[in-house]
Amino acid sequence: MEGTLLLAKAEVLRIRRNKRYLIFTVALPVMFYLIFASSGNSAYGVGFKAFYMVAMASFGAFSGAFNNNAIRISQERKDGWIRQLRLTSLPANAYVVAKIISSLAITVPSIVIVFLLGRFYGGVHLPIWEWIVLAVAIWFGTLIFAALAVAVGYRFDPDSVQPIAIVIYFFFSIFGGLWFPLSGGLRKFGEFTPTYQIVRISTDVIGHGSTSVGYVIGILVWFAIFLGLAVLAVRATAEAV
Amino acid sequence: MHQYGVARSDQSVTGYGNPTDYDSTTGYGTTHGYGATAGSGPVVSFENVSKYYGSLKAVDGLSLDLRPGETTALLGPNGAGKSTSLDMLLALRKPTSGKITMFGSDPYHAVKSGRVGAMLQSGGLMPEVTVRELVTLVTGLHPRPEPVETTLKRAGIAKFADQRVDKLSGGQTQRVRFALAICGKSELIVLDEPTAAMDVETRRLFWNSMKEEVAEGRTLLFATHYLEEADQAADRILVINRGRLLADGTPAEIKARAGAKRLSFRLDKVDEPFLLGLPGLVNLEVRNDVVQIQTSDSDATLYAVLDAGYRPTEIEVGSLGLEQAFIAITAEDDAANTGAANTGAHAGETI
């Protein structure tokens with residue numbers, strides 16, 4: 001585990017130097033919040049500024065865990081970095097575990113910054129325990145999308161992974177209601193996405209201090225699905241990386 | 001058919017530590033670091049190893065031993081099975097059949113215990129970090145690390161240690177890869193075409209630092225396309241083609257096996273059947289009155305010509321390089337294979 005943490009530390013170091021990370025994971029959510037937080041009155045039974053804070057924190061976590069990783073993993077598999085690591089004493093799963101750990105680490109700043117923005121710019125006042133539940137729910141989202149990134153990054157070559165990642169990115173952002181709240185038929189469909197479920201768990205907690213078991217089961221099921229796909233994708237390349 | 005296998009009964013490895021320091025259960029030298037000696041059994045052993053990709057035989061019944069402290073070159077044309085063999089040795093691929101042992105255990109455990117340092121052609125580097133950060137990371141993962149500064153110096157990369165990995169030239173990248181192979185106290189070093197993308201000067205520096213590693217008693221196995229390199233750096237050369245071992249011996253032996261002398265002369269009346277029967281003859285080329293012979297024993301061949309009453313003119317005797325020896329060995333193997341396919345199965349091939 002020591003070696004895996006060392007690798008995760010190096011991953012965090014690189015990501016911090018990456019402009020793409022800063023733009024997608026931190027700058028974009030902050031910018032969107034400043035622009036759109038006042039564009040509505042309420043959503044999902046809570047004030048719009050509170051909703052948009054949750055949505056943007058989830059958006060940052062989603063981009064940080066998914067966008068960053070899917071393309072990198074695919075590229076690093078092609079470049080042979082994963083092969084090189086297999087020649088070290090690291091256990092076979094260390095690369096993937098380090099990616100997930102580093103994703104969890106790099107989404108913390110974006111969640112914290114958006115929460116601070118919500119509290120002091122958007123005037124969102126919540127009891128401490130609710131802040132904590134929100135952070136944990138959104139942070140768990142990081143885990144889901146990091147698993148998805150592993151599945152996609154291992155499955156597709158660098159040439160095809162870019163468009164696929166963009167489609168997935170837009171799909172879960174729009175149909176999860178990360179940019180604008182969903183209603184009507186779109187919501188009936190969007191309800192099934194993990195991004196929507198994470199936002200709703202958070203807004204429910206803000207609105208009435210509890211949430212539907214359905215959403216919690218929902219994100220656990222998504223996590224299981226993406227984790228399963230990731231394991232299959234990694235195993236499929238076990239001989240050829 | 002020639003038998004190229006060369007038994008090296010005269011094998012002696014000296015100066016690689018003291019046998020009493022060698023712990024045969026762990027395989028680690030206690031004081032001399034790499035202290036393995038000729039008496040302590042092979043470092044690596046392939047027993048009838050085959051690897052198929054679908055119906056393609058990449059490696060076909062390969063058996064060989066690597067002895068402690070020895071520098072071995074793996075030579076073969078593209079697609080001969082060099083990389084696949086090294087991949088299997090490094091536990092990156094599993095043999096379809098046969099068995100590989102390294103330091104008395106399986107390759108996976110040998111790799112994970114840090115006893116092998118390797119540089120792959122296909123091995124990539126982590127981008128966005130500096131050379132020093134990368135070497136520090138991989139050193140930190142090694143069970144028996146060398147000081148980072150030592151590695152940087154030995155690999156000749158200290159000068160650009162603070163440059164970013166993704167901003168390096170091909171030759172520099174290659175040296176960083178090499179650094180990752182030697183950043184720990186590994187007993188076996190495996191290098192797949194280490195000097196590809198290096199210029200002549202860098203290549204010379206590379207082999208100089210490699211010699212330091214070997215002088216410490218490490219066992220070295222490298223695959224290369226540069227025959228000159230194999231000739232200069234290796235104690236032993238393994239020639240493989242079509243996944244099979246064709247020749248195994250010192251560079252001098254390999255040259256001799258392939259008929260490593262070239263004899264040429266002019267002869268007025270050429271009697272080809274007679275020439276083909278000459279002792280030591282490996283290959284014969286006749287163009288008008290010019291006779292060119294490849295022979296394993298140029299003296300015997302020439303005497304036989306003279307004894308038969310011929311008086312050839314413009315006699316020239318020269319040595320063949322390893323390159324010609326290598327080409328001769330693999331070409332003969334290819335010819336034998338093509339012949340077998342044609343007569344055996346009416347494969348309809350045209351030559």
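A: Let's begin with one term: two strands count as paired if DSSP finds at least two bridges between them. Keep in mind throughout that this is a predicted model.

With that in hand, look for B:Phe46. Its bridge partner in strand E4 of chain B is B:Ile100. This is one place to start tracing how E1(B), which covers residues 44-53, runs alongside E4(B): the two pair in the antiparallel sense over 5 bridges. As a general point, strands of a sheet pair through backbone hydrogen bonds, either parallel or antiparallel.

Now widen the view. E1(B) and E4(B) belong to an open sheet of 3 strands, and reading across it gives the order E2-E1-E4, with antiparallel pairing. At the edges are E2(B), made of residues 56-66, and E4(B), made of residues 97-102, and each of these pairs on one side only. If you ignore direction, neighbouring strands of this sheet are turned by 20 degrees against each other on average.

Where does this belong in the chain? Chain B is divided into domain 1, residues 19-254, and domain 2, residues 261-319. Between the C-alpha centres of these two domains of chain B there is a distance of 43 Å.

Next, how far can you trust what you see? Chain B has an average pLDDT of 81, and 84% of its residues score at least 70. Among its elements, helix H3 of chain B (residues 131-141) has the highest mean pLDDT, 96, while helix H11 of chain B (residues 322-345) has the lowest, 67. Over residues 1-38 of chain B the pLDDT is below 50, although this stretch has 72 contacts beyond near neighbours in sequence in the model. Residues 341-351 of chain B also stay under 50, and here the model has 5 contacts beyond four places in sequence. Where pLDDT is low, the predicted coordinates should not be read in detail.

Finally, chain B has a partner. The contact takes 20 residues from chain A and 24 residues from chain B. On the side of chain A that touches chain B, the elements giving two or more residues are helix H1 (2-16), helix H3 (48-79) and helix H4 (81-86) of chain A. H1(A) gives the most, with 6 residues. By class, that side of chain A has 7 nonpolar, 6 polar and 7 charged residues. For the complex, the predictor gives an ipTM of 0.88 and a pTM of 0.79.

Note on methods:
Residues are numbered from 1 along each chain as its sequence is written. Chains are lettered from A and ligands numbered from 1 in the order in which they are written. This is a predicted model: local features need pLDDT of at least 70, side-chain atom pairs count only at pLDDT 80 or more; totals for chains, interfaces and linings use all residues. Two residues are in contact if their C-beta atoms, placed from the backbone, lie within 7 Å. Helices (H or I, at least four residues) and strands (E, at least two) are DSSP runs, numbered from the N terminus. Ala, Val, Leu, Ile, Met, Phe, Trp, Tyr, Cys and Pro count as nonpolar, Asp, Glu, Lys and Arg as charged, and the others, Gly among them, as polar. Axes are lines fitted to C-alpha atoms, for helices over the stretch in contact, and angles run from 0 to 180 degrees between N-to-C directions. pLDDT is the predictor's confidence in each residue, from 0 to 100. Domain bounds come from an automatic or database domain assignment.
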